[in-house]
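Subject: A structure for you to look through

Hi,

Here is the structure I promised to pass on. Have it open while you read, and I'll walk you through what turned up.

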2 protein chains.
Amino acid sequence: MPPQWTFICLSLILAAISSADLRGAGHAVPLRTTPEGNLRMRGGAPFKIALFADLHFGEAAWTEWGPRQDVNSVGVMATVLEKEQPDFVVYVGDVITANNIMIKNASVYWDQAVSPARVRGIPWSSVFGNHDDAPFEWPMEWFSETGIPQLHCPATNASFSGGEECSFRDTTRLELMKSEIEQNTLSYSKDGPQNLWPSISNYVLQLSSPSNSQEAVIFMYFFDSGGGSYPEVISSAQVKWFQQKSQEVNPDSRVPEIIFWHIPSQAYEKVAPKSYVKKHCVGSIFLEDVAAQEAEMGIMKVLEQRPSVKAVFVGHNHGLDWCCPYKKLWLCFARHTGYGGYGNWSRGARILEINHQPFSLKSWIRMEDGHLHSEVLLSS
Amino acid sequence: MPPQWTFICLSLILAAISSADLRGAGHAVPLRTTPEGNLRMRGGAPFKIALFADLHFGEAAWTEWGPRQDVNSVGVMATVLEKEQPDFVVYVGDVITANNIMIKNASVYWDQAVSPARVRGIPWSSVFGNHDDAPFEWPMEWFSETGIPQLHCPATNASFSGGEECSFRDTTRLELMKSEIEQNTLSYSKDGPQNLWPSISNYVLQLSSPSNSQEAVIFMYFFDSGGGSYPEVISSAQVKWFQQKSQEVNPDSRVPEIIFWHIPSQAYEKVAPKSYVKKHCVGSIFLEDVAAQEAEMGIMKVLEQRPSVKAVFVGHNHGLDWCCPYKKLWLCFARHTGYGGYGNWSRGARILEINHQPFSLKSWIRMEDGHLHSEVLLSS
C-alpha cells in the first residue's frame, strides 16, 4: 500500500475510534461525589468497578495493523461497559505501548484509551505499567534496505523529517498523568506525592456510603510499580507512604482496603498454581509464569499484617487471570483487555462488586463475547 | 560523609579537572588547515593521531568515586598528549556514560572529556558510542531504605527536587554533537546527513599534503555504530552513504582510507584470536569475547572490496587492544583510555602515524606509565 494510502487509512481508523466511542454515550451514569470530592455509592445498589488491563494503545503505531488493534480494544471496553454498567473504571497500567509511539505527546494515545469511559460519563482512575513511559524501541528492520517507513504523527500531522517534527522521545509519567487529570473532569487519578518520584501514580480514593458522606465503605490504594524508565519495584518510600496514609485515614483498620498496581509482586510467584494443582485459586487461564517485580522492598509484609487489606489487583501477565488466597488476603490478576500487547487469549475485564451493610467484595470476569466466569468472593 | 561535604569535594574535583587541563597549555600545536577547511600535514613530519577510547566521563556521577575517575582520565590523556605531541585526536565513542548522568545537558561532561585536547590547541573529531546517549539507569538501591541520594547538578548547581531542576533525561546525539561543534573551533566533528538519522556522527575528513592543499594524503571516515537510544548497527543507509561519498571524493580508490566507529562489527568476531593462538594479530590484551554489533547490513562487504581501505578502528571492548588482518585490511581495537567504564586493565591510547611520499600507516599503543608496545605497520 503506498504511503499516502496508509495515511488515509490511519485517518479513517482514528475516526472509527471516535465514532465507536459515541455508541454508548446515551447510557452515561451520573457521577455522585461527596462534598469532599470522594466517590459515593448510590443508595440501594452495589458499587461496581471494571478493571481495564494492558490495553497497549499505540502498539506498532506505524503499521496498518497497530491502529486496528486500538479499534478492537475500544470494542472490548464498550461491550464490558454496556453489559456491566459499572460505576467506576480502573486502568491497571500498560494503557499505552510507549516504546512503539513515535510522537512526543503519547497522551494522544492515552486519551483514546480512556475515551470509552469518558463518553459514557463513567469516572475512572489509572496506575502506570512498565510500557507507559518505556523509551522508543527502534525496529531493527528500519536499518535494513526497507529503511524508516514514511511516518505520520497524529499530534501534528507533520510527516517525518529527521526527528525534528516527529519525536521519538517518551512522554514522562508526570506528563501523562497531568495530561489525563487536566483534560478530564471524570478522572480521579492523582499524580502522587513528589517525594515518591520517579513513581507517580500513588494515591488513595475513598468510596463513601450513600447515607453519610463522611463514612468510608472502602479505601482504594493505587501504587506505581515502576518499569519503563526505572526499575520494576515498589520502593521503601512508597511503603512508608502507605503506612502513614493508612494510619491517617483508617487508623483502626475498621474500613476494608483494596490495592491496585500493575506488576505482580514476588508473593504472586509463591501462590501461583503449578502443574494443574489450582488449590483455592479461581480463574480460567494459568498459562504463564508470573513476571514479578525485580525486588521486594517491604510492601507485601505491611499489607499482610494489616487486617483491613482484602485484595491486591494487578495486570502485566496477559496469560493469567486468577485470584489466589495468600495469607489473609487475595492476590488477583485482572484480565487482558487490550488487543495490543502479546498473547491471543480472549479479551475481557475483571469486575469488582462492592456491597455495603453488610460489606462484601465479589469479583468475576466479563468476556468480550459477553459470557461471565471465575466468580469469587474476596471478602470471606 | 555528610551531603554538604560531598558537594564541597565534588567542587574541588571539578576544579582539579580544570587545573589539570591547563598543565599542557604551553605546548599548543598550531593548527594548519587548507583554504577548503581540510586538515593539512606539516612539511617534513608525519601526521600523528591519538585515539581516545571509552573515556566514560560522568560514570557514577552522584558518588565521590565517579568524579575522581574523570580526573584520572584527564591525567591519562594529558600524559599521552605530552609524550606523543599528536596533530589530531579521535574520540572513538563512549566519551560519556550518559546512563549515569542526572543532568539534562550531558554536554557538560562531554566538554570535560575534550578539554585536554582543547587546552593544548590540538584539533579533534568524535564518533558516538552506545553509552553517549543511553537513557538514565536508576540504581536499584535508590529504591530501598537508603533512598535517592542528595544530588547536585553541575549544570545549574540546583539540588534535586522531584526531577524539576535535575533532569534524568538523556541528551540526544544531535544535541551532544551540535554542542561540541558550536563550542569548539578545534572540533572537526560533523553531525552527518539528516537522512542517516538516528545515526549522527557520519562524516569524512580529508588530510591534505603539505605542498598541495588539493592533494589528499588520506581520507578518514567516521560512522555512528548506534547503541544507547537505538540498535547497535551500521545501517544500509550508512552503507549507501559511504559508497556515494567515497565514489565522489576518491573515485579511483587512489587515496588510502581509514575508518573509525565504536562497536566492533561481526567481522571482528571472525578474526579474534582464540586460546593463545594469535596468528598475525598484534596487541597486548586478548581478555574478552568481541562484543559485536547486533546485525551486519553490508558495510564490511563494501570495505573489503574497496582497495583503498586500510584499516578499521573501534573501541567498546575495554579488554581488547589488538590489530588483526582481515582479508586485505586490518581490524583494530583502540585501547581503553578512561578510568570510567568496566575493567581495570592499564590505561593507554592507540597512536596512528601517517607518512606521505611514500605513504605509510603505522600504529602503536602508548600507556599511561609512558611505555610503548604493539607497534604494527598497517599499510603493508
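To start you off: in which loop of chain A is Gln85(A) found? Look between helix H2 (65-84) and strand E3 (88-91), and you'll find Gln85(A) in the loop there. Keep in mind throughout that this is a predicted model.

Why pick out Gln85(A)? Its phi is positive, about 45°, although the residue is not a glycine. Gln85(A) is partly exposed, with a relative accessible area of 31%; that value falls between the cut-offs of 20% for buried and 50% for exposed.

Ser253(A) also has a positive phi, about 55°, and is not a glycine either. This serine sits in the loop between helix H5 (236-249) and strand E7 (257-260) of chain A. Is Ser253(A) buried or exposed? Buried: its relative accessible area is 18%, and the cut-off for that word is under 20%.

H5(A) has 14 residues, and at 1.5 Å a residue they should span 20 Å. The end C-alpha atoms are 20 Å apart, so expectation and model agree. Its buried residues are Ser236(A), Gln238(A), Val239(A), Trp241(A), Phe242(A) and Ser246(A). What do they pack against? Their partners in chain A are strands E5 (203-208), E6 (216-222), E7 and E8 (309-314), along with helix H7 (299-305).

Next, two cis peptide bonds. One runs from Gln357(A) to Pro358(A), with omega near 0°. Pro358(A) lies in the loop that links strand E11 (348-355) to strand E12 (360-367) of chain A. Another joins Trp197(B) and Pro198(B), where omega is about 15°. To find Pro198(B), go to the loop between helix H4 (173-183) and strand E5 (203-208) of chain B.

Last, how the chains relate. In general, two copies of a chain are related by a rotation about an axis and a shift along it. The same surface serves both copies, as 100% of the contact residues of chain A recur in chain B.

Cheers

Key
Residues numbered from 1 in each chain as written. Chains lettered and ligands numbered in written order. Predicted model: local features only at pLDDT ≥ 70, side-chain atom pairs only at ≥ 80, totals over all residues. Heavy atoms only, no water. Contact = heavy atoms within 4.5 Å. Helix = DSSP H or I, 4+ residues; strand = E, 2+ residues; numbered from the N terminus. Buried < 20%, exposed > 50% of the residue type's maximum accessible area, 1.4 Å probe, protein only. Expected span 1.5 Å × (residues − 1).
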